[in-house]
Amino acid sequence: MYDHDLLVVGSANADLVIDVERRPAAGETVLGSDLAVHPGGKGANQAVAAARLGARTALLARVGDDAYGRLLLDSQRAAGVDTAGVLVGGAPTGVALITVDPSGDNSIVVSPGANGRLTPADVLAADGLLHASRVVSAQLEIPLETVVEVVRNLAPGSRFVLNPSPPRPLPAEVLAACDPLIVNEHEAKVILGDAGGSEEPEDWARLLLAKGPKSVVVTLGGEGALVASADGVSRVPSVKVAAVDTTGAGDSFTAALAWRLGTGHGLAEAAAYAARVGAVAVTRRGAQESFPTAQEVEAL
């Protein structure tokens, strides 16, 4: 019996957000809106998104002993996330500097801070948490060696989901554990390298699958997503909405997908549900504040 439907191992950042009429070119200064501070980070976002949907969720992360760290812990607890695995100290809390243009598209620069101090030793110390979780989800805003340690300590029968963001080449043992590997167009091309010359997402999915993951999901923004496994490649349609802010939408998609897979849904069915979750999220400002409840997703 698992105590948690989903354990997220990943980053926790304070998002510092400014709306701009357009993103600046090199050497250019652009005036923007008043600064808004939101709880964020891919790991923290995924944990809140899953908990809002009703998943029994835990987070393994590290924050600083500072105001931003307290903001993040308060946000997790308010969403119902188990924060026993959130470590405090070692460096200031990570920060993401985000600009959002009128179309809702964003550009992000991340200072990892305490996220860079989440170590393989921390994973080993959280062995009980790993073995109490049906699905484990990770990203790459924490050290790659920490993600490798997660893979090496998964409970028998549990499922590992990876969104390799920011993207980098991945070791074979991590790729082999992914079920699924979730990538957008940019992440797919970085991981494929020279092999990713095709402009067809179906080709990316097949090439990625050949690298060892048990399954692959390629997100295509307003065009929906692709799912690939030994059963073949299929399209998952998008839900048409008026996007206001895409910050955190990919995290909500990943969290929803991971949770639904853990409850026994098939890959395409889980991805279709995750697409609806992401669609609700982009109609609202912010990251964690935008994540819907299960009732709001059903109402879409």
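Guide: Pro180 lies in strand β10, residues 178–183 (helices, H or I, of at least four residues and strands, E, of at least two are DSSP runs numbered from the N terminus). A cis peptide bond links Asp179 to Pro180, with omega about 10°. Ser165 and Pro166 are also joined by a cis peptide bond, at an omega of about -5°; Pro166 sits in the loop between β9 (159–163) and α6 (172–177).

The model is predicted, so local features need pLDDT of at least 70 and side-chain atom pairs count only at pLDDT 80 or more, while totals for chains, interfaces and linings use all residues. Residues are numbered from 1 along each chain as its sequence is written, and side-chain values use heavy atoms, with hydrogens and water left out.

Now to helix α10. Its 15 residues should span 21 Å at 1.5 Å a residue, and the end C-alpha atoms are 21 Å apart, which agrees (the expected span is 1.5 Å times one less than the number of residues). Of these 15 residues, 11 are buried (under 20% relative accessible area, 1.4 Å probe, protein chains only), among them Leu267, Tyr273, Val277 and Val280.

Tyr273 forms an aromatic pair with Trp259, edge-to-face, 6.3 Å centre to centre and 65° between the planes (centres within 6.5 Å, planes over 60 degrees apart). Trp259 belongs to helix α9 (residues 249–262) and Tyr273 to helix α10 (residues 267–281), so the pair ties together parts 14 residues apart in sequence. Both Trp259 and Tyr273 are buried. Arg260 lies over the face of Tyr273, 3.8 Å from the ring centre (CZ of Arg within 6 Å of the centre and within 35 degrees of the ring normal).

Key:
Rings of Phe, Tyr and Trp (its six-membered ring) pair if their centres lie within 6.5 Å; planes under 30 degrees apart count as stacked, over 60 as edge-to-face and the rest as tilted. Buried means under 20% relative accessible area, exposed over 50%, partly exposed in between (1.4 Å probe, protein chains only).
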